[in-house]
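Please consider the following sequence and structure. A briefing on selected local features follows, grouped by topic.

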Amino acid sequence: MPHAIPTTCVTTWQEALIQAVRDPRELLELLELPLELLPQAEAASQLFELKVPRPFIERMAKGDLNDPLLRQVLPLGEERTLTPGFTHDPLEEAQSNALKGLVHKYQGRVLLVVAPNCAVNCRYCFRRHFPYQDNNPSRQQWLKVFEQIAEDSTIHEVIFSGGDPLASPDRQLQWMVDQLEQIPHLKRLRIHTRLPVVIPQRVTDDMIAWLTGSRLKPVVVIHANHAKELDNHVADALSRLHKQGVILLNQAVLLKGVNDQLNDLVDLSERLFELDVLPYYLHLLDKVQGTAHFDLADHEALSVHRQLQGVLPGFLVPKLVREEAGKNQKTLII
Ligand SMILES: *Cc1c(COP(=O)(O)O)cnc(C)c1O
Ligand code: SF4
């Protein structure tokens, strides 16, 4: 008798991260999409690697090239179009990146580039050209960063950013929090991450332990652009965070063909609130080379945002913002 085939197959988040689809052909085949798309997908993935975790792919509709989740991750020929006004580092972040791992461009808060990569490569990303390889500090270098934070009592908040900070092991993150909570002027620990959305298994007991076990008040800013991203697995993961007192916020990017219709934005806010997440920011696209096909004109963005204000309570309307180089805060679009 042949031995039994296991009926359940539990994947850890680390496995899900490694097993992300990186081959454009595999993505097209999984979604039953025409292979005519392959040459352009391969060409565009030369510029910025394709990377999509399987739990995220499972939420996409088969055979639908316009699926709002697919559009965020599928490399297209349009990415190779050079568009005037779209640059490689529109935010000029390279300039505020003085000490390895540390970005200090916002008043009162600092951004730590905790992990050099992301779980998913979003085609519209403003960091698609970011020099992450130069930004992978050792523990010794982190101690220098913490020293610098300790010397500046105007800093009240540390933001774990990336890449995706939750791509780092919990052991490392626990170590960082242990060091940071000793700095008396720090009050808050904020995590900017897309991992609980794309791989909800990432919300482990160990993660909750370092996130909620220090005196720093925890805030997690997730990144979902469309209600379809927020399935029941994501709901469970977020509910565990919420029950532990973590403040949950969402930032989205306004993207043509993904979430630029009023009903997309209404559904997103409604679904977020169901999951105890408040909509925080709706970003206009950063003008990064290779992303112009996602761009909306300012007046179109404003128009859909006004309509949103007309149909939702104020606390479910995200702030419409843009990042501008050299500014130490976001610019509110009104
Ligand atoms: C805007 C922004 C911040 C700072 O956010 P505030 O909520 O305005 O303090 C941090 N990290 C990233 C990636 C941002 O875009
Ligand atoms: S998860 Fe965020 S930083 Fe990473 S590729 Fe997507 S948008 Fe960019």
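Which residues are around ligand 2? They are Cys118, Val120, Cys122, Cys125, Arg194 and His223, where a residue is near a molecule if one of its heavy atoms lies within 4 Å of it. This is a predicted model, in which local features need pLDDT of at least 70 and side-chain atom pairs count only at pLDDT 80 or more, while totals for chains, interfaces and linings use all residues. Residues are numbered from 1 along each chain as its sequence is written, chains are lettered from A and ligands numbered from 1 in the order in which they are written, and side-chain values use heavy atoms, with hydrogens and water left out.

**Ligand surroundings**

- The shell around ligand 2 divides into four nonpolar residues, one polar and one charged; Ala, Val, Leu, Ile, Met, Phe, Trp, Tyr, Cys and Pro count as nonpolar, Asp, Glu, Lys and Arg as charged, and the others, Gly among them, as polar.
- Ligand 1 is surrounded by Tyr106, Arg109, Leu111, Ile159, Arg190, His192, Tyr280, Tyr281, His283, Glu323 and Lys330.
- In the side chain of Arg109, an N or O atom is 2.5 Å from an oxygen atom of ligand 1.
- For Tyr280, the distance from a side-chain N or O atom to an oxygen atom of ligand 1 is 2.4 Å.
- Tyr281 places a polar side-chain atom 2.7 Å from an oxygen atom of ligand 1.

**Aromatic pairs**

- Six aromatic pairs are found in a search of the whole structure; rings of Phe, Tyr and Trp (its six-membered ring) pair if their centres lie within 6.5 Å, and planes under 30 degrees apart count as stacked, over 60 as edge-to-face and the rest as tilted.
- The pair of Trp142 and Phe146 is stacked, because the ring centres are 6.1 Å apart and the planes lie at 15°.
- Both Trp142 and Phe146 belong to helix α6 (residues 139-151), where they are four residues apart, about one turn of the helix; helices (H or I, at least four residues) and strands (E, at least two) are DSSP runs, numbered from the N terminus.
- Trp142 and Phe146 are both buried, buried meaning under 20% relative accessible area, exposed over 50% and partly exposed in between (1.4 Å probe, protein chains only).
- Phe160 and Trp210 form a tilted pair, since their ring centres are 6.3 Å apart and their planes stand at 35°.
- This pair links distant parts of the chain, with Phe160 in strand β3 (residues 157-161) and Trp210 in helix α9 (residues 205-212), 50 residues apart.
- Phe160 and Trp210 are both buried.
- A cluster of Trp142, Phe146 and Trp175 is linked by ring pairs.

**Charges over rings**

- Over the ring of Trp175 sits the charged end of Arg139, 4.3 Å from the ring centre; a charge sits over a ring if NZ of Lys or CZ of Arg is within 6 Å of the ring centre and within 35 degrees of the ring normal.
- The face of Trp13 has Arg202 over it, at 3.9 Å from the ring centre.

**Backbone features**

- Gly162 and Gly163 are joined by a cis peptide bond with omega about 15°, and Gly163 is in the loop between β3 and α7 (170-180).
- Glu32, a residue other than glycine, has a positive phi near 55° and lies in the loop between α2 (24-30) and α3 (38-47).
- At a relative accessible area of 55%, Glu32 is exposed.
- Asp276 is not a glycine, yet its phi is positive at about 65°; its place is in the loop between α11 (262-274) and β7 (278-283).
- Asp276 is partly exposed, with a relative accessible area of 35%.

**Buried residues and their contacts**

- Ala115 lies in the loop between β2 (109-113) and α6 and counts as buried at 1% relative accessibility.
- Leaving out residues up to four places away in sequence, Ala115 touches Ser161, Gly162, Gly163, Asp164, Pro165, Ala167 and Ser168, contact meaning heavy atoms within 4.5 Å.
- The C-alpha atoms of Ala115 and Pro169 are separated by 9.5 Å, and the two residues are 54 residues apart along the chain.
- Asp264, in helix α11, is buried with a relative accessible area of 14%.
- Beyond four places in sequence, Asp264 touches His226, Val258 and Asn259.
- His305, in helix α12 (residues 298-311), is buried with a relative accessible area of 8%.

How values were computed
A polar contact is a pair of N or O atoms within 3.5 Å; within protein, one must be able to donate a hydrogen and the other to accept it, and residues adjacent in sequence count only if both atoms are side-chain atoms.
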